[in-house]
Amino acid sequence: MRANSRRIEKLSVSDAIRLQFCERQVGFARDGQFDSLKSSNLYTHLGDVIHQVVEDFASFPAGGDFRSWFESTWEMHLSAEYEKYSKSIFPLEPRRPEAWPNLTIKKVELGRSLKRRLDWQFAPAAADRVDRVPLEGVEVWLPSRNLDREPLPLVYGRIDAIRHSGEKPLLVDLKTGDSSVTIERTRMQLSLYSYLYEFETGLEPVCARQDVSGNLEWLTDLSSGSVHRTYEAVEKKIQEFNSKIAESTFEASVNESNCTLCDYRVVCDDFKASNLNSESLEVIQGEVARVIDSGRMCTLELRIGEGRTDSVLIHGLDPSKWAEKVGFKAFFTGLSRSAGSETEFRINEFSRGIAVSAI
Ligand code: SF4
């Protein structure tokens, strides 16, 4: 399947990293017809809750009541993520937070880690511990929004935190246990932020990853030279990408680390033809023959073969997204089989489906 991508004028740091690893993935991500494949699941929502609580912890006041701060901050971010998750899986009933996998254990672990960090952060003896710095300047835009200089770099983003004390400014990436973020990706991410920081201030920063307990892992090999080379490589890749838009010849880089969590496997022909395409990715595809509306949900009749009898039913879809899609080609993955039937399926919270007009 081809991606009709929009041209890149500016790119977020996270998309710039994706572009370095697989340009086809960025092509799909920049084509609106594949938007509903973008995944959000309970693990990513829980990761976002943790990330936000850790960021808020940066402004926890000395002498404050940690327990009540932690409970209220956790609840505030959890209910915001629950809201987002509920919208993303409509019309399915969302799973209540009490039933999210690992939620209780992650909350307890985070509370303990932050409490330990609090104990040393405000202890006089720990004040000069360079390996356990408190956060400052959280979620900082680079370049800053009011930077009045042209031309600006092609990439932009928000660094987790910047600490300004010490010999050099320290750029911090927060580690909250997202397994898709490898050290290679972190190195590239911090290189781009270093480039942006130096562009804006003229100062060369140092970089580190910080876990929720406050421990730092220094990235000592990010010299100014290597940081500039990383940015130049991204710039070159953006030009190459833009030159391929008309023909949609974006290269697919099929390998386990790129593809395992890629949202576009279901429409990526190179992935489907590779030996990484295991049976666990069952794709149901065909032409939408009929949409049967039953109020809150609808059912799709999908013609999967040449004959009129080769069709399946897919239940539980959002009518506002599917009512106008008769004649479109549709792709589904992650469906559940209806009990006792070979031809009826239901969506669940892990299902993804799209309809595209080009057949
Ligand atoms: S499935 Fe793999 S090769 Fe295909 S777009 Fe995604 S990351 Fe790239």
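1. Domains. In this predicted model, the domain assignment, whose bounds come from an automatic or database source, gives domain 1 as residues 39–126 and domain 2 as residues 283–356. The centres of domain 1 and domain 2, taken over C-alpha atoms, are separated by 36 Å. Contact between them, meaning C-beta atoms placed from the backbone that lie within 7 Å, involves 6 residues of domain 1 and 8 residues of domain 2. On the side of domain 1 that touches domain 2 there are 4 nonpolar residues, 2 polar and no charged, where Ala, Val, Leu, Ile, Met, Phe, Trp, Tyr, Cys and Pro count as nonpolar, Asp, Glu, Lys and Arg as charged, and the others, Gly among them, as polar.

2. Conventions. Residues are numbered from 1 along each chain as its sequence is written. Local features need pLDDT of at least 70 and side-chain atom pairs count only at pLDDT 80 or more, whereas totals for chains, interfaces and linings use all residues.

3. Overall fold. The chain holds 10 helices and 13 strands, both taken as DSSP runs numbered from the N terminus (helices H or I, at least four residues; strands E, at least two). Of its 359 residues, 27% count as buried, a class that requires 20 or more other C-beta atoms, placed from the backbone, within 10 Å of a residue's own. Among contacts with a separation of 6 or more, 65% join residues 24 or more positions apart.

4. Cores. A nonpolar core is a set of buried Ala, Val, Leu, Ile, Met, Phe, Trp, Tyr and Cys residues joined through C-beta atoms within 7 Å. The largest has 54 residues, of which A16, L171, L192, Y193, Y264 and I314 touch the most other members; helix α6 (residues 183–201) supplies its largest share, 7 residues. A second, separate core of 15 residues includes V49, F57, F70 and Y85.

5. Helix α3. The 16 residues of α3 (residues 42–57) should span 22 Å at 1.5 Å a residue, and the end C-alpha atoms are 23 Å apart, which agrees; the expected span is 1.5 Å times one less than the number of residues. Buried positions in α3 are L42, H45, L46, V49, I50, V53, V54 and F57. An α-helix has 3.6 residues a turn, so residues three or four places apart point the same way.

6. Ligand shell. Of the 14 residues around the ligand, C22, C259, C262, C268 and F271 come nearest, a residue being near if its C-beta atom, placed from the backbone, lies within 6 Å. Elements giving two or more residues to this shell are α2 (23–29), α8 (256–259) and α9 (269–273). The shell divides into 8 nonpolar, 3 polar and 3 charged residues.

Technical notes. Buried ≥ 20, exposed ≤ 12 C-beta atoms within 10 Å, placed from the backbone. Contact = placed C-beta atoms within 7 Å.
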